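I opened my notebook today to get to know a new structure. Here it is, so that you can follow along.

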Amino acid sequence: MEFFDNLPAMDLMRSEKMTFVQLIIPFESAHRAISYLGELGLLQFRDLNDDKSPFQRTFVNQVKRCGEMSRKLRFFKDQINKASLLPLTHPTLQPDIDLEELETQLAEHETELVEMNANGEKLRQTYNELLEFKMVLQKAGGFLVSAQSHKVTEDRELEENLYLNNDYIERASLLEQEMQPGPSNQAGLRFISGIICKSKILRFERMLFRATRGNMFFNQAPAEEYVMDPVLAEKVLSRLSELEATLDAGIRHRNTALNSIGSHLKKWTDMVRKEKAVYDTLNMLNFDVTKKCLVGEGWCPIFAKPQIQEVLQRATFDSNSQVGIIFHVMDAVESPPTYFRTNKFTHAFQEIVDAYGVARYQEANPVVYTVITYPFLFAVMFGDWGHGICLLLGALILIARERRLGSQKLGSFMELAFGGRYVILLMAVFSIYCGLIYNEFFSVPFHIFGLSAYKCRDSTCSDARTTGLIKYRDTYPFGVDPSWRGNRSELPFLNSLKMKMSILFGVAQMNLGIILSYFNARFFASSLDIRYQFVPQMIFFNSLFGYLALLILIKWCTGSQADLYHVMIYMFLSPTDDIGDNQLLWAQRPLQILLLLLAIVAVPWMLFPKPLILRKIHIERFQGRTYGLLGTSEMDLDSELGSARQRHEEFNFSEVLVHQMIHAIEFVLGAVSNTASYLRLWALSLAHSELSTVFYEKVLLLAWGFDNILIRLAGLAVFAFATAFILLMMETLSAFLHALRLHWVEFMGKFYFADGYKFRPFSFASLPEEDD
């Protein structure tokens, strides 16, 4: 134990130590102090007015003003976007202004823009009316001219046959009555002309036909000119000379005003956004009317106390306040927030862990190990150094352009890839390493580290797929011998290798998780967890699966042909039977009996001692307190007895026992299922290798066997498509999710409580871009 106590502290292992502080701020320096704290971003305020509605808080009017200014700024932004004006890359400098001056300027700009929009709309409406009138005259005039060109004989024939009949007026249609020569006693219009939307012509014609019972003559002609709709803002193809100059001048004046606003828009938006955040934070503080000060409480890291005090002193000096800001540490009842300092490299790994749950305050942080174990387990499933190089190139491109991409708005997929660029980098590096071990480059083996240690069995051997191989040289120095690829023993050999390797990795990582639970218990001074959880868990797990990992290593080192399935199964079913040819160790049978007994004893060791000891400690503690109350007064006795009785009821032995039983049974059953879960490393690695082989042999090589350039190009295109979208995207996502599950459940579940909450300081840097 002294060895562990003498180890240097790991800053990244534990979250930052936090302290609960109180601030008493004079009213005249409150705004400046909160602004400076927002720039610093190391103090999380506690809402002391959570029982009040937003309209009952002190600075509600200021928040409303900021909200109104935000609305005006969004209006300006929409107008700039509608006008298709590009933002200025180098905004013009403007002297600093306060909130009142900005509010006045924004109101003036809004009034000016609204007036210009209204005038422009009126001019556009007048322009449309004149344009429609022009087109009506042109088209209707054409119809009338064509109507007067009828032959005279046709008019006479119509006059003789119809108009001279006496009953014509009774049975003639309205149009025929209007065409009758002589004075007409019928009232009505000779023709109606106008403009209608092209998509509504059929409905309009049908409506006229039904309204006039077919007594109409309808003619139409398309307009070659397009009318601009002020709502839809469609492009104008022709202009009327009377309004063209006025419209152009109005548009130029409006664009000039928008450009002037756009040059300051970002600065104004940031200013209003920060002001609103300051007043929202001030509303979380208590206002003492008598002392004219604000009282705030919150959490800050211990290392940030000097910086916060310096900022508060600067705020007092800059606001010319006669009274300084009081900053002192207080005791808190609730648990502090969890805060890990990260950089651009560790941030993505911390987000992966926090997606499972935020660490309890000061408990061991899995990120310290996840930085290495996560990309490594991914690479065990993805191992192919050709595919790894492709991932590496993609990661390097994202890293090389991180400054430019970080300032742009990206799509969801690109944003996810950019945020995890360093995770992809390590996954690619480890994939190249595991691919070299597997000796796979797009499923093709290479003699990178020397010649193969195997050759064909005899001189007539020409196909290693059917005749097998014999060893004639020293073992291949690094990774899998390339001669295993294509051999009939390839699949059994790689299956055995990857399956046993997966078990070794799983046992090692789960042991690391159990060991971290020891460091958690030691840090929180919980000797019960060390004695009655950590020790029996280590005994149970390593008596079974640690022993299996040891047998695997011994079998690899000795080259034994022992059947490990038989050894483990009969260790439970017939522990006293003779092992026979499966013996790998001296005194293996008594060792297996001993390990089995230790595993059996470890189960009740995890179940019962801890709840019983907690019950005993609780009873002794409160019995002693009851005896000590004999000399107190009657009032004190009642209050203390009540409190002791209340605390005694809070301890429920049955609940503690059930919780401990659930935890112990979950560990025992999980030891089996979690170990089996690591076999996904073997399964996905084999699936990735075989799928890559299928694409290489059945697509690329098959197409390359044809003496036709088109077939070869088609085969190469299909192979590239399958490699990019199936192996580099779908397989990457699959291995990523499986590695995520192994860390969340099998590894972190051994020690990680994940019931904390994040440290969220008041910081201008973390404010959203747009406050809607």
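My entries on what I looked up follow below.

**Entry: ground rules**

I am working with a predicted model, in which local features need pLDDT of at least 70 and side-chain atom pairs count only at pLDDT 80 or more, while totals for chains, interfaces and linings use all residues. I number residues from 1 along each chain as its sequence is written, and side-chain values use heavy atoms, with hydrogens and water left out.

**Entry: confidence**

I began with pLDDT, the predictor's confidence in each residue, from 0 to 100. The protein has a mean pLDDT of 82, and 82% of its residues reach 70 or more. Helices and strands here are DSSP runs numbered from the N terminus (H or I with at least four residues for helices, E with at least two for strands). Confidence is highest in helix α12 (residues 367–382), at a mean of 95, and lowest in helix α23 (residues 634–650), at 41. I also noted residues 168–175, where the pLDDT is below 50; beyond near neighbours in sequence, this stretch has 13 contacts in the model. A contact means heavy atoms within 4.5 Å. Residues 227–235 have a pLDDT below 50 too, with 14 contacts beyond near neighbours in sequence.

**Entry: strand β4**

Is strand β4 buried or exposed? I use buried for under 20% relative accessible area, exposed for over 50%, and partly exposed for in between (1.4 Å probe, protein chains only). In β4 (residues 293–301), 9 of the 9 residues are buried, so the strand is largely enclosed by the rest of the structure. In a regular strand, side chains alternate between the two faces of the sheet. Here I found Cys-293, Val-295, Glu-297, Trp-299 and Pro-301 pointing one way, and Leu-294, Gly-296, Gly-298 and Cys-300 the other way.

Which strands pair with β4? Two strands pair if DSSP finds at least two bridges between them. Strand β1 (residues 18–26) runs antiparallel to β4 and is joined to it by 9 bridges, with Phe-20 opposite Trp-299. Strand β2 (residues 44–46) is also antiparallel to β4, with 3 bridges, and Phe-45 stands opposite Gly-298. Strand β3 (residues 286–288) has 3 bridges to β4, again antiparallel, and Asp-288 has Cys-293 as its bridge partner. I saw that β3 and β4 form a hairpin with 4 residues between them, and that Lys-292 in the turn has a positive phi of about 55°.

**Entry: Leu-528**

I found Leu-528 in helix α19 (residues 527–558). Leu-528 counts as buried because its relative accessibility is 15%. Leaving aside neighbours within four places in sequence, Leu-528 is in contact with Gln-533, Ile-613 and Leu-614. Its C-alpha atom is 9.7 Å from that of Pro-611, 83 residues apart along the chain.

**Entry: aromatic rings**

How many aromatic pairs does a search of the whole structure find? It finds 30. Rings of Phe, Tyr and Trp (its six-membered ring) pair if their centres lie within 6.5 Å; planes under 30 degrees apart count as stacked, over 60 as edge-to-face and the rest as tilted. Tyr-518 and Phe-534 have ring centres 5.0 Å apart and planes at 40°, so I logged the pair as tilted. This pair links distant parts of the chain, with Tyr-518 in helix α18 (residues 490–523) and Phe-534 in helix α19, 16 residues apart. Tyr-518 is buried, at 4% relative accessible area, and Phe-534 is buried at 16%.
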